[in-house]
Amino acid sequence: MATFGERLRASMDAHGALCVGIDPHPQLLQQWDLTVDADGLARFTEICVEAFAGRVGAVKPQSAFFEEYGSAGIAVLENTIRAFRDAGTPLILDVKRGDIGSTMAGYARAYLADGAPLASDAITASPYLGFGSLTPALDQARESGRGLFVLALTSNPEGFEVQHAVRGDRSVAAGVVAGVTEANVEASARGILGSIGLVVGATVGTAVQDLGIDLAAANAPILAPGFGAQGAGPEDARRVFGAAIPNVLASSSREVLGVGPRVADLRGAADSARLH
Ligand SMILES: O=c1ccn([C@@H]2O[C@H](COP(=O)(O)O)[C@@H](O)[C@H]2O)c(=O)[nH]1
């Protein structure tokens, strides 16, 4: 079976380097003339499936906007995951999980094990309980051919307080990138894109260079939020990511979804937001 890195590379080559964020904000439900409840959520995601399945490099549902409707929202999330899986579109579930190892093993079973109701192609993970605490998820992803995107330099303005902090001879973010580089060693030796990715915001300016981080050497898919609603544009990509650009998957939610609910308009916005 192909690894997550191989599947994502093939999808980016075929459909472009854009991950459409499926973020059903209550305001967007209203804007799309839908009810702000689980029924509205279900219709919103059906339209997203029609617009994007089989047409974009990846999709990224934001779990928070499903969780707020409780079990009914989680049921919609399960259906959404299934629909994109059936279409062969890589799905990254944005849940930003991170906990002590024994609990992380539970999250890994929930999101990365074959047959789990919420099994996704990859999830976002927080390394801020220590990179080693992610080991159960790294192991589970390797076993099931799935992936992780580990937060390194996030797109929000507060992220630097933790991520730029220096201990010894390197920053916290550089330590995260070192962990991901190590996790992708086997894929690098095989000449394929690694399955363990990084989250680096397109809004981080010169942080990658300032912190002496070699993103390209990580051989990691790089999920790059911050385009569109958070202010970054395609012109920022080269400056922020440098030689790692071929591995960058631009992520955009509100900018694309804001043109809905017409499927043709959504597809047009996704076409315009592709990085390459
Ligand atoms: O550093 C990060 C990590 C994750 N996100 C998530 O991406 C989307 C961004 O939405 P936009 O509407 O395109 O701004 C959202 O789900 C965030 O939770 C991020 O923005 N930054």
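The model is predicted, with local features requiring pLDDT of at least 70 and side-chain atom pairs counting only at pLDDT 80 or more, while totals for chains, interfaces and linings use all residues. Residues are numbered from 1 along each chain as its sequence is written.

Helix α7 spans residues 135-144; helices (H or I, at least four residues) and strands (E, at least two) are DSSP runs numbered from the N terminus. Its buried residues are Pro 136, Ala 137, Leu 138, Gln 140 and Ala 141, where buried denotes 20 or more other C-beta atoms within 10 Å of the residue's own, C-beta atoms being placed from the backbone. These buried residues pack against α6 (101-112), β4 (122-125), β5 (147-153), α9 (172-183) and β8 (196-200), a contact being two C-beta atoms, placed from the backbone, within 7 Å.

The axes of α6 and α7 come within 7 Å and cross at roughly 30°, with axes fitted to C-alpha atoms over the stretch in contact and angles running from 0 to 180 degrees between N-to-C directions. Helix α6 is therefore roughly parallel to α7 (under 35 degrees). Residues of α6 in this contact include Met 104, Tyr 107 and Leu 112, and those of α7 include Pro 136, Gln 140 and Ser 144.

Of the 17 residues around the ligand, Thr 154, Ser 155, Pro 225, Ser 253 and Arg 254 come nearest; a residue is near if its C-beta atom, placed from the backbone, lies within 6 Å.

Conventions: Buried ≥ 20, exposed ≤ 12 C-beta atoms within 10 Å, placed from the backbone. Parallel < 35°, antiparallel > 145°, perpendicular 65-115°, else oblique.
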